[in-house]
Amino acid sequence: MKSLLLIINPAAGKGSFRNGLGDVLLTFHKAGFQPTVAFTSQHGDATDIVSQSGAGYDRLVCVGGDGTLGETVTGLMQLPPEDRPDLGYIPMGTTNDFARTLELSHDPVQAAYVAAYGNPLTVDVGRFNDRRYFTYVAAFGAFTEVTYETPQDQKNNMGFFAYVLDAMRRLPNLTHRWTRVEYDGGILEDDFLFGAVSNSRSIAGIIKLKESVDISLNDGMFEVILIRTPETLLQLGPILTNILTSSYTSDDIIILHTQSVRFTFRDPVAWTLDGEDGGSHSVVQCQNACHALQFIVDPARVGKENDQR
């Protein structure tokens, strides 16, 4: 039988991994895999487990939220490319942005079926200052701190609405940051409320990019989203309307496509990586690691990605 490492974050989704766990394991068994289960107990465990043991498995599957997935990917990126097993994902978190982009089911048994029988989709990964990695977004500014500072009990009890409430609470204290942005083919200097380097159609469950925005998960390019600081609070209204309606017609919202991008700030700025605290930095360099990993997804999702290229 083929070997499979199943990494479970027991805290994700109020411990909902217990629901259907037996069926999940049976699904892998029927697909010809012999599962080995590893539980995480603290931040960084998934990275350590994968970097130390992941190379010996035919497939790796993580159960948890965006943070667990990000840690798993970071562990895989520490392995030589030829030793990285294909990665399946059973989403159990609150927002599960990348699961939306991959069109994965939130039903654990259905997601396990895809992880067992699906097809590999080559996906780019973001390198953050040469030491860390992100799966779908590195971001700073307004609302980014919501993803990792919203209390866990609120996330568990209220889901996405908890993020919205916390974001609204922070509106009166929005701060802007002078930023120099160097990207492929250009330089921008301005005051920005928000900036994100993304390889996803959904960021923190709040910012969503429509199908009309040209996005591919394996084209070697990031989507950089920047929101200028409005001159008055009244001008903030149209920006928020654009975000809520995913229209992005405002001149204060900039979307760029680039392989690499460098941000320079006057003072250290806090970042979030896949919804987790990314530390504070005065200079940030993001580089696209093209075709870094293979995610197991529904075969129809692979066909759709090929059609978009």
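Does Glu 182 count as buried, partly exposed or exposed, and at what relative accessibility? Glu 182 counts as partly exposed, at 27% relative accessibility. The model is predicted, and the accessibility is computed from it.

The side chain of Glu 182 meets that of Arg 180 in a salt bridge, 3.4 Å from N to O. Arg 180 also counts as partly exposed, with 25% relative accessibility.

## The salt-bridge network

Arg 180 has another partner. Its side chain forms a salt bridge with Glu 189, at 2.4 Å from N to O. Glu 189 is partly exposed, with a relative accessible area of 46%.

The structure holds 4 salt bridges. One of them pairs the side chains of Asp 190 and Arg 228, at 2.9 Å from N to O. Asp 190 sits in strand β9, residues 186-198. Arg 228 sits in strand β12, residues 222-228. The pair therefore ties together parts that are 38 residues apart in sequence. Asp 190 is partly exposed, with a relative accessible area of 28%. Arg 228 is partly exposed as well, at 24%. Elsewhere, shared partners join Arg 180, Glu 182, Glu 189 and Arg 262 into one network of salt bridges.

The general principle is simple. Side chains of opposite charge can pair when their charged atoms come close.

How many disulfides does a search of the whole structure find? The search finds 0. In general, a disulfide is a covalent bond between the sulfur atoms of two cysteines.

Cys 62 is buried, with a relative accessible area of 0%. Cys 290 is partly exposed, with a relative accessible area of 38%.

## Ala 46 in helix α2

Ala 46 belongs to helix α2, which covers residues 45-53. Is Ala 46 buried or exposed? Ala 46 counts as buried, because its relative accessibility is 1%, under the 20% cut-off.

Which residues does Ala 46 touch, leaving aside its neighbours within four places in sequence? Ala 46 is in contact with Ile 7, Thr 40, Thr 68, Glu 71 and Thr 72. Gly 75 gives a further reference point. The C-alpha atoms of Ala 46 and Gly 75 are separated by 7.2 Å. Along the chain, Ala 46 and Gly 75 are 29 residues apart.

Terms used. Residues are numbered from 1 along each chain as its sequence is written. This is a predicted model: local features need pLDDT of at least 70, side-chain atom pairs count only at pLDDT 80 or more; totals for chains, interfaces and linings use all residues. Side-chain values use heavy atoms; hydrogens and water are left out. A disulfide is a pair of cysteine sulfur atoms within 2.5 Å. Buried means under 20% relative accessible area, exposed over 50%, partly exposed in between (1.4 Å probe, protein chains only). Helices (H or I, at least four residues) and strands (E, at least two) are DSSP runs, numbered from the N terminus. Contact means heavy atoms within 4.5 Å.
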